[in-house]
Amino acid sequence: MTDHPDRIHSLHPAQISWRDDGTPVSRDFGDVYFSSEDGLGESRHVFLQGNRLAERWGRLPKDAHFIIIESGFGTGLNFLATWQLWKQVAPADARLHFISIEKHPLSRSDLELALARWPE
């Protein structure tokens with residue numbers, strides 16, 4: 001059977017291994033999803049502060065729309081940190097559009113396990 005451009009392909013979930021400290025590692029790529037020391041701190045430093053998002057969102061005009069496109073959703077840690085900061089500093093009438101692409105999404109149980117260390 002040949003592939004047809006209109007054919008819908010099913011998603012293939014990420015294959016995860018877990019380090020002793022609870023850090024998820026991709027079995028397909030051998031890469032960690034976030035720093036074992038402080039993954040949330042890493043997201044805040046690299047993704048949020050690195051893009052000066054608090055500063056930029058604080059200057060948004062009324063009814064603004066802000067769009068973020070991210071390749072590699074992973075555990076969603078960048079998304080969740082972004083949403084938390086957005087709610088803290090963006091104008092109430094502004095809208096955030098967060099688009100993320102993930103070739104191998106984590107299963108719900110792997111997401112819950114990976115994010116359990118940050119109850120906030």
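Read along the sequence, the protein follows the pattern β-β-α-α-β-α-β-α. The model is predicted.

Reader: What makes up this pattern, and how many helices and strands are there?

Author: The protein has four helices and four strands. Over its 120 residues, 31% count as buried. The C-alpha trace spans about 50 × 45 × 20 Å along its principal axes.

Reader: Why is Ser 26 called buried?

Author: The relative accessibility of Ser 26 is 6%. Buried means under 20% relative accessible area, and Ser 26 therefore counts as buried. The residue lies in strand E2, which covers residues 24-26.

Reader: Which residues are in contact with Ser 26, leaving aside its neighbours within four places in sequence?

Author: Ser 26 is in contact with Gln 15, Asp 31 and Tyr 33, once those neighbours are left aside. The term contact requires heavy atoms within 4.5 Å.

Reader: How do you know that Ile 69 is exposed?

Author: Ile 69 has a relative accessibility of 65%. The term exposed applies over 50%, so Ile 69 counts as exposed. Its place is in strand E3.

Reader: What makes Ile 101 exposed?

Author: Ile 101 has a relative accessible area of 53%. Because exposed means over 50%, Ile 101 is placed in that class. This residue belongs to strand E4.

Reader: Which residues form the nonpolar patch on the surface?

Author: The patch is formed by Ile 67, Ile 69, Ile 99 and Ile 101, and together they have about 420 Å² of accessible area. Patch members need over 30% relative accessible area. Strand E3 (65-71) and strand E4 (95-101) each supply at least two residues of the patch. For the whole protein, the accessible surface comes to about 8,300 Å², and 53% of this belongs to carbon and sulfur atoms.

Reader: Why is Ser 109 called partly exposed?

Author: Ser 109 has a relative accessibility of 48%. Buried means under 20% and exposed over 50%, with partly exposed in between; Ser 109 therefore counts as partly exposed. Ser 109 is found in helix H4, residues 108-115. Between Ser 109 and Ala 54 there are 31 Å in space, C-alpha to C-alpha, and the two are 55 residues apart in sequence.

Reader: What joins the side chains of Ser 109 and Ser 107?

Author: A polar contact of 3.2 Å joins these side chains of Ser 109 and Ser 107. The distance condition for a polar contact is a pair of N or O atoms within 3.5 Å.

Reader: Which residues of the largest nonpolar core touch the most other members?

Author: This core has 20 residues, and those touching the most other members are Leu 53, Trp 57, Leu 60, Phe 66, Ile 68 and Trp 86. Two or more residues come from each of helix H1 (39-49), helix H2 (53-58), E3, helix H3 (77-89) and H4. H3 gives the largest share, four residues. Leaving aside neighbours within four places in sequence, Leu 53 is in contact with Phe 47, Leu 48, Phe 66, Ile 68 and Leu 85.

Definitions and conventions: Residues are numbered from 1 along each chain as its sequence is written. This is a predicted model: local features need pLDDT of at least 70, side-chain atom pairs count only at pLDDT 80 or more; totals for chains, interfaces and linings use all residues. Side-chain values use heavy atoms; hydrogens and water are left out. Buried means under 20% relative accessible area, exposed over 50%, partly exposed in between (1.4 Å probe, protein chains only). Patches are made of residues with over 30% relative accessible area and no salt bridge: like charges are joined within 9 Å, nonpolar side chains (Val, Leu, Ile, Met, Phe, Trp, Tyr) within 5 Å. Accessible areas come from the Shrake-Rupley method with a 1.4 Å probe; for residues, only the protein chains shown count as cover. A salt bridge is a side-chain nitrogen of Lys or Arg within 4 Å of a carboxyl oxygen of Asp or Glu. A polar contact is a pair of N or O atoms within 3.5 Å; within protein, one must be able to donate a hydrogen and the other to accept it, and residues adjacent in sequence count only if both atoms are side-chain atoms. A nonpolar core is a set of buried Ala, Val, Leu, Ile, Met, Phe, Trp, Tyr and Cys residues joined through side-chain atoms within 4.5 Å.
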